[in-house]
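Biologist: Hi, I'd like to go through the aromatic rings in this one. Can you show me the model?

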Amino acid sequence: MEKMPVSYKELGLVNSRDLFAKAVKGGYAIPAYNFNNLEQLQAIIMACAETASPVILQVSKGARSYANATLLKHLARGAVEFAAELGTPVPVVLHLDHGDSFELCCDCIASGFSSVMIDGSHLPYEENVALTRKVVEYAHKFDVTVEGELGVLAGIEDEVSSAHHTYTQPEEVEDFVSKTGVDSLAISIGTSHGAFKFKPGEDPKIRLDILAEIERRIPGFPIVLHGASSVPQDLVETINAHGGKLKDAIGISEDQLRLAAGSAVCKINIDSDGRLAMTAAIRKVLDEKPEEFDPRKYLGPARDALKKLYIHKIMNVLGSNGKA
Ligand code: G3H
Ligand code: 13P
Ligand code: ZN
């Protein structure tokens with residue numbers, strides 16, 4: 001069956017433009033929480049409605065095939081209505097995380113996404129510029145906002161992995177932003193994807209000096225931080241106490257993230273912490289109650305744990321509470 005394109009506006013979603021402008025001015029960051037399933041989405045919306053925070057619902061290519069694009073479209077519309085039902089209609093963005101091709105971005109735009117990332121960070125500079133510009137030209141026709149990336153994060157991004165960071169070169173950012181017309185820029189300053197961001201004994205610091213130099217060169221331009229999970233040690237301990245095997249999982253300190261959120265960083269991406277919170281809760285229930293086999297009995301506590309984590313981030317790290 002031929003699918004009819006749908007505009008995100010019909011779903012009640014917004015693009016990220018105004019949210020970013022306000023966040024940069026106000027010195028806070030908007031949460032970009034990844035989700036793949038119903039419980040994660042419920043937790044995100046409940047947390048954001050309760051704290052009156054705008055939210056970016058973030059979906060990777062893998063998450064989109066896992067959840068199904070048609071279901072996602074309806075879930076996004078449902079998320080907007082659910083927040084309103086809870087008493088706080090928060091602005092909701094549906095964003096493609098790490099889009100790897102022009103075609104994928106177009107497909108997402110046709111199925112209700114209000115924002116897309118085109119990640120050309122692994123390409124030679126001029127190719128990254130050309131691909132990003134092509135996506136921007138297309139997306140802007142539909143008033144969809146676009147995130148580009150300069151610099152490569154260490155770790156795994158979907159199928160692509162890199163052993164070392166290639167920090168964003170501040171001298172490239174003005175040229176990249178002006179040639180591509182992107183609405184926001186993801187940078188590499190020492191964060192990385194996943195739960196193993198630093199080796200034991202390494203100084204777990206990110207390069208806030210590079211961030212400051214980027215900000216000096218493109219003042220007020222919205223910056224995005226990927227790989228920003230903190231890897232809470234209590235969650236790692238709970239997982240390991242109930243049969244898990246996560247050795248030396250280390251994240252970004254909340255102090256550093258608070259500093260970043262107070263700067264031009266206006267979108268902070270968090271996925272791994274949610275995975276840890278869910279896994280810890282599920283392992284605990286299944287370990288302590290081996291007779292349990294109703295999914296609601298372990299997915300329910302996982303959802304509660306996620307909601308608590310998301311509220312904590314909003315209130316104590318990002319500062320987006322009350323900004324809806
Ligand atoms: O940056 C990657 C995100 O955490 C999404 O991960 O591609 O496994 O869904 P995923
Ligand atoms: P974490 O793995 O640190 O949660 O980063 C997620 C991310 O950057 C998604 O794009
Ligand atoms: Zn990322």
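Modeller: Rings of Phe, Tyr and Trp (its six-membered ring) pair if their centres lie within 6.5 Å; planes under 30 degrees apart count as stacked, over 60 as edge-to-face and the rest as tilted. This is a predicted model, where local features need pLDDT of at least 70 and side-chain atom pairs count only at pLDDT 80 or more. Side-chain values use heavy atoms, without hydrogens and water, and residues are numbered from 1 along each chain.

Biologist: OK, how many aromatic pairs does the structure hold?

Modeller: There are 4 aromatic pairs. One of them is Tyr 125 with Phe 176, a tilted pair at 6.3 Å centre to centre and 55° between the planes.

Biologist: Where in the chain are Tyr 125 and Phe 176?

Modeller: In distant parts, 51 residues apart: Tyr 125 is in helix α6 (residues 125-141) and Phe 176 in helix α7 (residues 170-180). Helices here are DSSP runs of H or I, at least four residues, numbered from the N terminus.

Biologist: Are Tyr 125 and Phe 176 buried or exposed?

Modeller: Both are buried, meaning under 20% relative accessible area, with exposed over 50% and partly exposed in between (1.4 Å probe, protein chains only).

Biologist: And which residues form a cluster?

Modeller: Phe 102, Tyr 138 and Phe 142 form one aromatic cluster. Tyr 138 is partly exposed at 24%, and Phe 142 is also partly exposed, at 40%.

Biologist: Switching topic, which charged end sits over the ring of Phe 102?

Modeller: That of Lys 134, 4.3 Å from the ring centre. The test is NZ of Lys or CZ of Arg within 6 Å of the ring centre and within 35 degrees of the ring normal.

Terms used: Chains are lettered from A and ligands numbered from 1 in the order in which they are written. Helices (H or I, at least four residues) and strands (E, at least two) are DSSP runs, numbered from the N terminus.
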